Amino acid sequence: MDGDFVIGGVFSLHYKFYTLFNNYTIKPEPLRCTGSFIAQELQFSRTMIFAIEEINNSTELLPGIKLGYQIYDTCASVPVAMQVMLQLTNGQDSVFYKRKNCSQSGLMMAVIGASGSTPSISMSRIIGPFNIPQISHFATCACLSDKQQFPTFFRTIPSDQFQADALAKLVKHFGWTWIGAVRSDSDYGNNGMASFLDAAQREGICVEYSESFLWTNPRSKIQRVADVIRRSTAMVVVAFTATGDMTVLLEELVRKPSPPRQWIGSEGWINDPNLMSYSFCAGAIGCAIQQSVIPSLKEFLLDLSPTEVAASSVLTEFWEDSFNCTLAKRANQNRRKCDGKEDIETLKNPYTDTSQLRATNMVYKAVYAIAHAIHNAVCLDTNFTTQCDKQNRLESKQVLMELQKVNFSRNGYPVSFDANGDPVAFYELVNWQKSESGVIELVTVGYYDASLPKGQEFYIKRNITWVDGGTQVPVSVCSESCPPGTRKVLQKGKPICCYDCIPCPEGEISNTTDSPDCSPCPSEFWPNAQRDACFPKPVEFLSYDEVLAIILAAFSVSGACLAIITAAIFFHHRTTPIVRANNSELSFLLLFSLTLCFLCSLTFIGAPSDWSCMLRHTAFGIIFVLCISCVLGKTVVVLMAFKATLPGSNVMKWFGPPQQRMTVVFFTFVQVLICTVWLLLSPPFPMKNLSTYKEKIILECALGSAVGFWAVLGYIGLLAVFCFVLAVLARKLPDNFNEAKLITFSMLIFCAVWLTFIPAYVSSPGKLTVAVEIFAILASSFGLILCIFAPKCFIILFQPEKNSKKFLMNKNLM
């Protein structure tokens, strides 16, 4: 149709074209298309005509100006598309360009098409240098957003860059990390899949295989791709294909059914009603162009009069193919003659189906975008009127510049282009669901809106039908998720989604699923059995709640009571010879110190504190020195007593009671001095021992200064050895009740206990160290009281006849 300004339209009405071999001896025949007629492409072209007629009848958009159109069939072929572009730019069609005047009327302002990325790329390279804008309704390759290569290209359908992101988010949303991928071996499929694989990698998704094919490939190639799908372990297959390619793949899969697969589809095929007949694809989900409504379009498409059909070779072919009859005067042997009773409203094909206008609306928006650009270039809008100058010598470059600025809404759908010539990306997420009648229907279950803030652009409902009509989300992973308490270890030579789950090492946890590493617990914490959480380590010390502590405390109190009872017995019989003969003053002082020895072991039980740590070691050291000093005094008294019996000996006057007291005080003072220096320089303090056991804390008293501790023990040992030596020297002195023998036995036990204490103390872990120390104190204390005082108490209580001076002086009685 002629007009003041002409818009070109390029659609693929057929699948093939006749291949002609020209010898150039005669004029070449024009290219002729053949093959199956594509009804949806006819709907695209008729929608373009409908939109132009709407604009021509409008009083607001381009009033007084008539738009014309030239619509061409590319036969789904790049060579034909390139020839069409040359024809459009050169204006060689005699129908439009043989005019009587040389006015601007009829010049090409813009081109709509094509229906694929590959022909659109070729077209844009041809018309780009002429600054003729091109708006595609179905070319989605992200490569077309490159303005350096395609400066005049626009589109009303979103770029596959956004679709790839939407599909990757869809796959990630359902936890599928192990997928297969198939694509059309074209610019659409290759570039779209490349964008998807990049997005999938960012989302942590792994691809088991990636196969490409075309419907024109040999059957062996299609069969090989189908076999890869059948043998794969990936439950989910992402298909970035055109409708024709997907058709031949599904036909091949039908021949030998494969295990159920969850199909994820691009907009190129997911909303094709013809493909929904493959029942094994039920549950497929993918991205689709936004569904829309174009008022009065259905009536326009169905309003085809026989005269109009007969006048158009394209409509004639469509009519004859749809009703299987012929409009030609001469009847076709394979078809009946059309009788005029054919009713287009009874047809059920993509041309008449306007229930889900998706790509069709993209054509509609493209026409209006060009019309708005022309309007802004040649019309002047005032408050009350719009004046348009159709005589204005408009160039395509002006239309190109105005297209970059258009921003309007039509039927509630916004139309604008960004700096790359792309619209705002919006996809519906659709799902193939079986209706009650068993027919697969396309149901919208979510959306992807790139205009929303990051993180909010993707939304999906849960009422989704999955593969085989299931309601449970299928699982497609190379390896099952690693639970908390384990970490992922990649399998050698496999993608990152294939891994083994290794338990966290001792002392480390992982509290998230699929954790790549385990993290150590803080120093005072330890993992639970599952190694998915850190809990405070149990604090261990010798507590009064423990059986061992209760037993030791019982012995301690018993020993103290025994010492007090012994002192009471001695005090009651203090005038008897056996008490008086054994230096009663030192005996009472020894019993007092033994009582303190027994009781000081109680300071080792319970939670260590600053005061208890200082008290337990210093009190133990001072009391034991007091005890040993008393024993040493008693030993010296025995020795001196027998020396005093020698003629002329005056030794006892040098070791009387005052000297004995001074000896005990002196030896004890030395220990007090050692303990004071220890406490002043580096006293014992409570400490959390984290090194002995990894899984618990030992609360113990640190020595502060090891030198101070061993000086205290060494001084006690020195006095004990000295006392032992003197007792050994006095053991054979003639006496009926020689106390030196008893002291010898007690010192022997004392030294044996403390010699074994040293290695036991060093090697005992944790609270056992304290138990060993208490045991040494009690054992040595019991050794002293039993060896020194038990025989005397036995005589006092059970053999009073021996408690006489005569018996004690009669050495033959012992």
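Which strands does helix 6 lie across? Helix 6 (residues 187-202) lies across strand 8 (178-184), strand 9 and strand 10, and runs at about 155 degrees to strand 8. Axes are lines fitted to C-alpha atoms, for helices over the stretch in contact, with angles from 0 to 180 degrees between N-to-C directions. Contact means heavy atoms within 4.5 Å. Helices (H or I, at least four residues) and strands (E, at least two) are DSSP runs, numbered from the N terminus.

This is a predicted model: local features need pLDDT of at least 70, side-chain atom pairs count only at pLDDT 80 or more, and totals for chains, interfaces and linings use all residues. Residues are numbered from 1 along each chain as its sequence is written, and side-chain values use heavy atoms, leaving out hydrogens and water.

Helix 8 (residues 243-255) packs on the sheet and touches strand 8, strand 9, strand 10 and strand 11. Its direction makes about 170 degrees with that of strand 11. Strand 10 (residues 236-240) and strand 11 (residues 262-265) run parallel, joined by four bridges. Strands pair if DSSP finds at least two bridges between them.

Now the aromatic rings. Phe, Tyr and Trp (its six-membered ring) pair if ring centres lie within 6.5 Å; planes under 30 degrees apart are stacked, over 60 edge-to-face, the rest tilted. The structure holds 25 such pairs, including these two:

| Pair | Type | Centre to centre | Plane angle |
|---|---|---|---|
| Phe44 and Phe138 | edge-to-face | 6.2 Å | 75 degrees |
| Phe50 and Tyr364 | stacked | 6.2 Å | 25 degrees |

Phe50 lies in helix 1 and Tyr364 in helix 12 (residues 359-378), 314 residues apart. Ring pairs also link Phe50, Phe300, Tyr364 and Tyr368 into a cluster.
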